[in-house]
Amino acid sequence: MAKGLAWLVSIYGIPLLIVNAFLVTITYLQHTHPALPHYDSSEWDWLRGALSTVDRDYGVLNKVFHNITDTHVTHHLFSTMPHYHAMEATKAIKPILGEYYQFDGTPILMALWREAKECLFFEPEEGGPNRGVLWYGNKY
């Protein structure tokens, strides 16, 4: 029985677009925040790169997404760890990382709007000794 293009789009296309929209949004928000430094090749190393991410609270969606949203810093440090150990590991590394652990509790839609407005390009640290440390900017 032929279902047609409309059936195919409604059963496969629309759910695919929704899932991919969530993945793009989550990934964007995990790696974009005004307080996250980025590095050029003169300053980058594995640990600095791994810590250039932020955990966020997606409320009930944290569980739906297997905590990839609120344990992302841990994922960067221990990428082969199974997701079901990520919450325990995150609790353990927070005190160790101290100020290097990044968390943003801003509601997601507000965070998405802020990051889209404030994080437009990278610019070197003003007056800093390390010109290879880059920060988000939004003023041309």
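Which residues line the second largest pocket? The legends below start there and then move on to the other views. This is a predicted model, in which local features need pLDDT of at least 70 and side-chain atom pairs count only at pLDDT 80 or more, while totals for chains, interfaces and linings use all residues. Residues are numbered from 1 along each chain as its sequence is written, and side-chain values use heavy atoms, with hydrogens and water left out.

**View 1. The second largest pocket and its lining.** Here you meet Ala-21, Phe-22, Thr-25, Ile-26, Tyr-58, Leu-61, Ile-108, Leu-109 and Leu-112, the residues that line this pocket. Helix H1 (5–31) and helix H6 (108–118) are the elements that give two or more residues to this lining, and H1 gives the most, with four. Helices (H or I, at least four residues) and strands (E, at least two) are DSSP runs, numbered from the N terminus. The volume is about 150 Å³. A pocket is an open set of points on a 1 Å grid over the protein atoms alone, where a 1.4 Å probe fits, with protein on both sides within 12 Å along at least five of seven lines; lining residues have an atom within 4 Å of a point. By class, the lining has eight nonpolar, one polar and no charged residues.

**View 2. The largest pocket.** This pocket has a volume of about 280 Å³. Its lining holds 13 residues, and the closest to the centre are Pro-37, Tyr-39, Arg-48, Leu-51 and Tyr-100. Helix H2 (46–50) and strand E5 (133–137) each supply at least two lining residues. Sorted by class, the lining has nine nonpolar, two polar and two charged residues.

**View 3. Arg-56 and Glu-115 in a salt bridge.** Their side chains meet at 2.6 Å, N to O; a salt bridge is a side-chain nitrogen of Lys or Arg within 4 Å of a carboxyl oxygen of Asp or Glu. The pair links distant parts of the chain, with Arg-56 in strand E2 (residues 55–56) and Glu-115 in helix H6, 59 residues apart.

**View 4. A network of salt bridges.** Arg-56, Asp-104, Arg-114 and Glu-115 are linked here. Arg-114 pairs with Asp-104, the closest N and O atoms being 2.5 Å apart, and with Glu-115 at 2.6 Å. Asp-104 is buried, with a relative accessible area of 7%. The model's count comes to five salt bridges.

How values were computed
Points joined across faces, edges and corners; volume = space filled by probe spheres on them. Nonpolar A, V, L, I, M, F, W, Y, C, P; charged D, E, K, R; others polar. Buried < 20%, exposed > 50% of the residue type's maximum accessible area, 1.4 Å probe, protein only.
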